[in-house]
Amino acid sequence: ENDQALLVIATGLVYDIKSLILDDIPWLCGGTLQGELRLWRTDNGDPAPVSLGRHNDRVNALAVAGTLVASGSNDAIVGVWELANAVGPDSPPLALLAGHSDAIISLDFLPIKTLLLASGSLDATIRIWNPANGGSCLRLIYGHINHVTAITAFADEHGRIRLASASSDATVRLWDLDNDNDDPDEITM
């Protein structure tokens, strides 16, 4: 067996993993089958995880923006964690966002100055959240007829905020978040 890994930092099921920098230290954040959020340093060879927080069920999706980590779970909750304030496994989240009726399996922060987060769920909806404003849902987007399996937010060439979503209904939809029209451009797969 020829293992070329630089460092084995986790054993067990990790469903999503993201990299981030906190206080000039590189970290990986992972979500586990047991609902835990774990952080691993990648600069010192220490594989011991730091527990950040937990959900009541498996963590399926993560998103990172600066020192914020958002986590989506089978418990239909999106947690938002401020890493600069995290002190251990019982660290309170910045926000717990409830509204989906099924598991959250995709997340992305929107590329704008105001911190907004998009979540995609097995309930076939997308929600736009403001975690800093008490966790309010700003927009509920319908359009897929099956699970929303992936989302990504970006600014187009004109600076308009767009959201692309993929679904088990075999479509990719492109949403213009700068207007209230929920009629997407659709690409059938």
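**Loops between paired strands**

Analyst: Ala-124 sits in the loop between E10 and E11. Keep in mind that this is a predicted model. Ala-124 has a positive phi of about 75°, although it is not a glycine. Most residues other than glycine have a negative phi. Is Ala-124 buried or exposed? Its relative accessible area is 13%, and the cut-off for buried is under 20%, so Ala-124 counts as buried.

Now the strands on either side of that loop. Strand E10 covers residues 117-121 and strand E11 covers residues 126-130. They run antiparallel, and four bridges join them. Within this pair, Ala-118 stands opposite Ile-128 in E11.

E10 and E11 belong to an open sheet of four strands. The order is E9-E10-E11-E12, with antiparallel pairing. Strand E9 (104-109) and strand E12 (136-141) are the edge strands. Each of these two pairs on one side only. On average, neighbouring strands of this sheet are turned by 25° against each other, direction ignored.

Ala-170 lies in the loop between E14 and E15. Ala-170 is not a glycine either, yet it has a positive phi of about 70°. The hairpin of E14 and E15 has three residues between the strands.

Ala-164 stands opposite Leu-174 in E15.

E14 also pairs with strand E13 (residues 148-155). That pairing is antiparallel too, and it has seven bridges. Val-148 stands opposite Ser-167 in E14. The hairpin of E13 and E14 has five residues between the strands. In this hairpin the positive phi belongs to a glycine: Gly-159, near 85°.

Why is E14 described as largely enclosed by the rest of the structure? Strand E14 runs over residues 161-167, and six of its seven residues are buried, so the rest of the structure largely encloses it.

To recap the two alanines: Ala-124, in the E10 to E11 loop, is buried.

Methods: Residues numbered from 1 in each chain as written. Predicted model: local features only at pLDDT ≥ 70, side-chain atom pairs only at ≥ 80, totals over all residues. Heavy atoms only, no water. Pairing = 2+ DSSP bridges. Axes fitted to C-alpha atoms, helices over the stretch in contact; angles between N-to-C directions. Buried < 20%, exposed > 50% of the residue type's maximum accessible area, 1.4 Å probe, protein only.
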